[in-house]
Amino acid sequence: MISFKAFQNNPVFKGTDSIQDWDETIRERGYILKEEDGYHMWYTGYKKSWELPLALGYATSPDGINWTRYAGNPIYDSLHTEDMMVIKVDGIYHMFAEGKNDIAHRLSSPDRIHWQEHGSLDIRKKDGSPLDPGPFGTPSVIKEADQWYLFYERNDSAVWLATSRDMTIWTNVQDEPVLKKGPSAYDLYGVAMNQIIKYNGRYYGYYHGTPDEDWSTWNVNVAVSDDKIHWTKYENNPLLKDNKSSGILVHDGLEYRLYSMHPQVCVHFADIK
């Protein structure tokens, strides 16, 4: 969960570097799910010239290392979509992503490829009043019993938690953040939650942070919680640095792997002593 070593042949996936392609380069958080038929990855691609909206790509792999782009990419380009995560519930894939101006929105799919847009998330303060104007991005969601839990950031300054029964209206558990930047140098200027993993009754929050006031580099970190509200940062953060960001864990059937998704996809295997 906390100690990983880099695969010697990283990166395992990146932009094409061709100006002819819609995914000349990739950015932000992509997401990987392992299912019975292999590994499935969604990613955000765009041209370096920014002549097209940021669109959604899809790739598959038998081993999580060798990836094949879907021939019909991009699979969604109707709206700006980046920094996404995917959760499968009752046979339906739900995607939570950033849209234009870092406003989070939701999509759903029965088959991983064809996505229906459901609009921007409606997030309220604890008393039911609307959030103050401004971005709310990097959505990360888990579901327990009949409750959905949404972690989101505002201007990468901190992470908040909201809940919903039906994903229609999300209400803050508290109007104070559950995870703040700093005081250590590695995340002093920004934090955003990538993924929540429940393991042995505790919650592990994998998040990215930056030590730079201009947000020029990011790293991968972890914090732990017993209740999803009170978090303790790992004393040996960051897990990955050198501008590897947007880390997510994927269980390969034997152990966890840590993928960093930005600015290219690299895999790090559990370093079992």
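This is a predicted model: local features need pLDDT of at least 70, side-chain atom pairs count only at pLDDT 80 or more; totals for chains, interfaces and linings use all residues.
Setting aside residues up to four places away in sequence, S260 touches L240, K244, S245, S246, G247, V265, C266 and H268. This residue belongs to strand β21, which covers residues 256-262, and S260 is buried, with a relative accessible area of 0%.

**Nonpolar cores**

- The largest nonpolar core has 51 residues, and those with the most contacts inside it are I32, W42, M95, W115, I123, W170 and Y259.
- Strand β6 supplies the largest share of this core, namely five residues.
- Another core, of 16 residues, lies apart from the largest one and has I142, I196, Y203 and I229 among its members.
- Y259, once its neighbours within four places in sequence are left aside, is in contact with I32, Y39, G64, S246, G247, I248, V250, V265, C266 and V267.

**Aromatic rings**

- The structure holds 14 aromatic pairs, one of which is formed by Y39 and W67 in an edge-to-face arrangement, with 6.5 Å from centre to centre and 75° between the planes.
- This pair links distant parts of the chain, given that Y39 is in strand β3 (residues 38-46) while W67 is in the loop between β4 (55-61) and β5 (68-69), 28 residues apart.
- Y39 has a relative accessible area of 3% and is therefore buried, and W67, with a relative accessible area of 13%, is buried as well, the cut-off for this class being under 20%.
- Ring pairs also link W42, Y58, Y70, Y93 and W115 into a cluster.

**Charges over rings**

- K34 lies over the face of Y39, at 5.7 Å from the ring centre; Y39 is the residue that also forms the edge-to-face pair with W67.
- The charged end of K228 sits over the ring of Y149, at 4.3 Å from the centre of that ring.

**A four-stranded sheet**

- Four strands make up an open sheet in the order β6-β7-β8-β9, and their pairing is antiparallel.
- Its edge strands are β6 (82-89) and β9 (116-120), each of which pairs on one side only.
- On average, neighbouring strands of this sheet are turned by 20° against each other, with direction ignored.
- Within the sheet, strand β7 (residues 92-98) and strand β8 (residues 104-109) run antiparallel and are joined by six bridges, and F96 has R106 in β8 as its bridge partner.

Notes
Residues are numbered from 1 along each chain as its sequence is written. Side-chain values use heavy atoms; hydrogens and water are left out. Two strands pair if DSSP finds at least two bridges between them. Helices (H or I, at least four residues) and strands (E, at least two) are DSSP runs, numbered from the N terminus. Axes are lines fitted to C-alpha atoms, for helices over the stretch in contact, and angles run from 0 to 180 degrees between N-to-C directions. Buried means under 20% relative accessible area, exposed over 50%, partly exposed in between (1.4 Å probe, protein chains only). Contact means heavy atoms within 4.5 Å. A nonpolar core is a set of buried Ala, Val, Leu, Ile, Met, Phe, Trp, Tyr and Cys residues joined through side-chain atoms within 4.5 Å. Rings of Phe, Tyr and Trp (its six-membered ring) pair if their centres lie within 6.5 Å; planes under 30 degrees apart count as stacked, over 60 as edge-to-face and the rest as tilted. A charge sits over a ring if NZ of Lys or CZ of Arg is within 6 Å of the ring centre and within 35 degrees of the ring normal.
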